[in-house]
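Good morning, and thank you for coming. Please take a moment to look at the sequence and the model on the screen.

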Amino acid sequence: MTASASAQIHTAAKRPHIPATVWMLGIVSLLMDVSSEMINALLPLYLAGGLGASALAIGFIEGLSVAIATATKFLSGILSDLSGRAKPLAVLGYGLGALSRLIFPWAVSLDQIVLAKAMDRVGKGIRGAPRDAIVAAVSPPEIRGASFGLRKSLDTVGGFVGPLVAVAAMILLAGDIQSVFWIAAIPAGLCMIVLVFYVREPAGDRSMKRQGFRLADAFRLNRAVWAVIGLASIIMLARFSEAFVLLKALEAGFTPAWVPLSLVIMHVAYGLTAFPVGKLSDRVGTSGLLLWSLGFLIAAHFTLAFATTPWIYVLGTVFWGLHMGFSQGLLGAMIAAAAPENLRGSAFGTFNLVTGVVVLAGNTLAGWLWHSVGSTTPFLTGAGLSLVAMLFIASGKCRAKQG
């Protein structure tokens with residue numbers, strides 16, 4: 001055995017294990033995501049069928065939820081200054097999400113649904129940074145990537161399991177959506193128990209540091225950053241909320257009990273492609289892969305627009321999942337490549353702020369088109385906007401630096 005091989009074996013033997021706190025935070029993410037996806041998979045059906053909401057109202061609620069979560073990310077910086085500790089903020093964020101689960105089953109009007117969604121999104125905006133701060137604080141540098149990967153993997157499992165539980169519950173409860181909402185409160189409650197009693201923040205470590213964002217810094221960003229933000233805005237307009245994909249399932253012949261299955265299919269396609277595509281982007285760059293993602297989005301829009309059978313609809317959801325797998329994280333990589341290092345935080349802040357507003361506008365537009373013209377029109381409009389984004393990339397106006 002050579003000396004180098006012996007050294008590698010010795011290093012591997014000494015590699016630390018992923019801390020228990022990281023596992024516990026992964027379980028927290030898994031449980032909350034199971035709860036979230038159970039509700040998200042059925043909420044559009046409940047709004048349309050149970051409360052008589054129009055597609056315009058559903059689009060506005062979905063867009064407003066994203067905009068609220070985006071705005072809360074900025075407020076969490078102020079909260080971190082006041083606290084300096086990560087776990088109290090994590091408890092606050094996850095706690096608001098858990099409390100919102102008690103509103104959904106009781107909701108009998110749109111304003112109550114808006115309240116519950118707003119509370120959930122505020123919680124989501126607050127909890128992300130402190131959760132990641134704890135993972136970073138407890139993980140030795142040599143396994144930090146593995147720690148973050150584990151937490152994200154468990155979170156993805158929750159996104160897969162949640163819709164499956166919703167399907168099973170809908171079948172067992174004869175399509176009683178409100179009862180399924182009550183069941184969704186159970187994993188959210190378990191999430192809080194694990195977080196409060198089993199997640200340990202390192203003693204004496206003020207792990208939360210404010211990630212400040214000043215609007216004035218947005219005007220110092222270069223044209224390359226604004227080009228990426230412009231591209232992202234077109235894509236966000238084209239890729240409206242999955243709530244409309246779920247509503248389309250009813251027109252394709254799905255019964256309400258089986259509608260959440262479309263999210264499972266979508267997550268499978270997404271999960272199987274996201275990691276290999278991410279690795280590939282490190283070697284070949286982002287622009288070509290983003291063109292592929294938009295090609296899949298166009299295919300998804302056209303397939304869903306004219307889906308009249310369950311099998312055609314399923315093909316459309318597979319295309320949608322492939323789009324997500326080929327695009328998730330690529331825009332962030334393009335922002336990081338285009339922004340000067342000293343303005344990278346401001347670039348991401350501006351990116352989140354602008355795209356949050358665009359998502360609100362895009363979902364409202366999709367809802368208005370569905371309500372006023374018909375369910376086919378939002379998907380055809382999305383396909384047209386996707387083509388515009390492809391032409392924007394192909395023109396060379398938005399190209400990430402390779403490094």
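How many salt bridges does the structure hold? There are four, a salt bridge being a side-chain nitrogen of Lys or Arg within 4 Å of a carboxyl oxygen of Asp or Glu.

This is a predicted model, in which local features need pLDDT of at least 70 and side-chain atom pairs count only at pLDDT 80 or more, while totals for chains, interfaces and linings use all residues. Residues are numbered from 1 along each chain as its sequence is written, and side-chain values use heavy atoms, with hydrogens and water left out.

One of the salt bridges joins lysine 117 to glutamate 62, with 3.8 Å between the closest N and O atoms. Lysine 117 belongs to helix H5 (residues 110-138) and glutamate 62 to helix H3 (residues 55-83), so the pair ties together parts 55 residues apart in sequence. Helices here are DSSP runs of H or I, at least four residues, numbered from the N terminus.

I turn now to helix H4 (residues 86-100) and helix H7 (residues 177-198), whose axes come within 9 Å and cross at roughly 170°. Axes are lines fitted to C-alpha atoms over the stretch in contact, and angles run from 0 to 180 degrees between N-to-C directions. H4 and H7 are therefore roughly antiparallel, the term for angles over 145 degrees. Their contact (heavy atoms within 4.5 Å) involves residues including Tyr94 of H4 and Met192 of H7.

Finally, isoleucine 193 is found in helix H7.

How values were computed. Helix = DSSP H or I, 4+ residues; strand = E, 2+ residues; numbered from the N terminus. Parallel < 35°, antiparallel > 145°, perpendicular 65-115°, else oblique.
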